[in-house]
Amino acid sequence: MNQNEAPDKLSENLSGKAPDGLTGEAAESLLDEARCEINGIDREMAELFCRRMAAVRKVAQYKAAHGLPITDRAREEEVIRRNAALIGDEAIRPDYIAFLRETMEVSKEYQRRLLAAKETSAGGTPGRWETVMRLREESYPITVERGALARAGEYFAPDRKALIVTDSGVPEEYAKRVAAGCREAHLVSIPEGEASKSPETLFLLIDAMMQNNFTRGDCAIAVGGGVVGDLTGFAASCYMRGIDFYNIPTTLLSQVDSSIGGKTAIDYGGIKNIVGAFYQPKGVLIDPDVLKTLPERQIAAGLAEAIKMAVCFDRELFERIEASNAEQILDEIIIGSLRIKQAVVEKDAKEAGLRRALNFGHTIGHGIEAERGGELLHGECVALGMLPMCGGEVRRRLLRIYEKVGLPCRFDGDVSRAIAAAAHDKKAEDGGIRVITVERVGEFEMKRETLAGLESRARAVWGN
Ligand SMILES: NC(=O)c1ccc[n+]([C@@H]2O[C@H](COP(=O)([O-])OP(=O)(O)OC[C@H]3O[C@@H](n4cnc5c(N)ncnc54)[C@H](O)[C@@H]3O)[C@@H](O)[C@H]2O)c1
Ligand SMILES: [Zn+2]
């Protein structure tokens with residue numbers, strides 16, 4: 001049934017011969033009666049809603065006065081469990097749970113508004129930014145707050161075992177600070193670098209959980225960049241068919257991009273991210289203070305992913321990056337990027353359409369990554385990969401930003417080999433590879449491009 005047909009079919013069913021055999025008139029009076037009842041219930045619910053929000057207001061005041069986070073995941077789950085048990089009819093219990101979750105989101109949004117109004121009227125800038133990735137049963141809070149690392153336990157319901165995974169390049173005090181907030185923390189540090197996204201390291205984590213008798217109720221927490229996040233998320237998705245996973249990203253790239261959205265994976269057989277799953281975290285905690293120890297080159301690589309999102313979706317953010325010293329507005333860049341990614345993922349969690357725009361720059365970028373054999377960082381390759389996919393004006397603006405933040409502007413390698421490598425990990429369907437192009441800042445297009453077309457784009461920019 002297409003959408004145009006739907007209303008006619010509906011009224012036919014309701015006013016004509018109803019499917020259960022009722023005649024038109026009887027069916028209509030039943031319909032009126034049901035609608036009347038619903039109207040009455042809605043009136044009562046409007047009253048209850050006002051009372052509920054008044055109570056929420058009190059909770060918000062208390063939380064603001066005591067510096068408590070708006071989101072308390074453990075409590076929410078408990079409330080949902082308790083209330084869901086009140087619904088006797090199993091067939092509609094999941095709907096009621098969905099309704100409760102939505103109601104909680106509405107309440108939290110209201111609390112946030114109240115808090116923001118309070119902060120604005122006090123003249124201060126909000127110290128904490130919170131949002132909820134709305135994915136029905138898989139919804140989760142994302143918090144950005146300087147110094148939040150020390151309060152991680154509070155966010156993640158520490159009353160259970162936690163496998164805390166970090167890597168050898170991340171200053172160890174970060175994971176230790178997180179561990180200090182947990183009731184029973186088991187810390188694992190893996191070697192830094194992409195090579196750790198391997199089956200061996202995956203099973204190292206699984207072993208650590210088995211040896212410490214982790215059950216389904218326990219959790220895994222990543223404290224590191226995209227490598228630690230991708231690996232830990234995947235381990236959490238596999239262990240006992242899935243335990244809770246929390247992400248505390250510590251690189252700019254993982255704070256703006258990889259920590260939210262639920263993509264987890266390891267590499268295998270020489271292919272990046274070939275074994276993985278969509279597995280949403282239960283919470284993401286971003287502490288921009290940890291970026292103080294991150295090398296500048298890594299900051300620039302993370303900026304590349306933020307620029308990617310801004311150039312496709314948000315002209316204002318792009319212009320802010322253009323006009324500022326990026327390192328001085330990192331919080332703004334992180335929050336701006338998260339907003340974009342959140343909106344995209346909420347609309348298309350499994351990358352069926354819109355989410356593909358987040359791959360802007362990644363087709364040629366992956367080719368360059370393969371061709372330069374680990375010499376360039378992922379973000380640097382993405383920065384280069386965007387250049388051939390833009391209009392001239394956009395490219396000039398990007399290059400000015402790259403120069404300012406220290407991203408590479410030229411690809412000196414072999415363009416044909418890079419394009420061949422790019423094609424290798426994309427299925428070239430009939431009509432070519434799906435790509436994203438940007439002719440004007442803040443707008444993108446999805447197109448199909450042949451390999452020859454990609455190659456001539458790259459040659460036009462680099463000439464080699
Ligand atoms: N899941 C997704 O949606 C997604 C998206 C993009 C990238 N990724 C993956 O992310 C990975 C790249 O992530 P990355 O760029 O964060 O790299 P990374 O995890 O390798 O981290 C980069 C380096 O920085 C070090 N480091 C991390 N935090 C630090 C800190 N605060 N201070 C000092 N050093 C620190 C690490 O030890 C590492 O050596 C790739 O495997 C890529 O496939 C995943
Ligand atoms: Zn990327």
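1. Two strands pair if DSSP finds at least two bridges between them, where strands (E, at least two residues) and helices (H or I, at least four residues) are DSSP runs numbered from the N terminus. In this predicted model, local features need pLDDT of at least 70 and side-chain atom pairs count only at pLDDT 80 or more, while totals for chains, interfaces and linings use all residues. Residues are numbered from 1 along each chain as its sequence is written, and ligands are numbered from 1 in the order in which they are written.

2. Strand β10 (residues 433-440) runs antiparallel to strand β11 (residues 443-449), and six bridges join them; V435 has K447 in β11 as its bridge partner. The two strands form a hairpin with two residues between them, and G442 in the turn has a positive phi of about 95°.

3. Helix α10 (residues 296-313) packs against helix α14 (residues 378-386) at an angle of about 40°, with the axes 7 Å apart. That makes α10 oblique to α14, since angles under 35 degrees count as roughly parallel, over 145 as roughly antiparallel, 65 to 115 as roughly perpendicular and the rest as oblique. Residues of α10 including A300, A304 and K308 meet residues of α14, among them H378, V382 and M386, contact being C-beta atoms, placed from the backbone, within 7 Å.

4. Ligand 1 is surrounded by 29 residues, the closest being G169, G225, G226, T251 and S258; a residue is near if its C-beta atom, placed from the backbone, lies within 6 Å. Elements that give two or more residues to this shell are α8 (226-238), α9 (252-258), β8 (271-278) and α10.

Notes: Axes are lines fitted to C-alpha atoms, for helices over the stretch in contact, and angles run from 0 to 180 degrees between N-to-C directions. Two residues are in contact if their C-beta atoms, placed from the backbone, lie within 7 Å.
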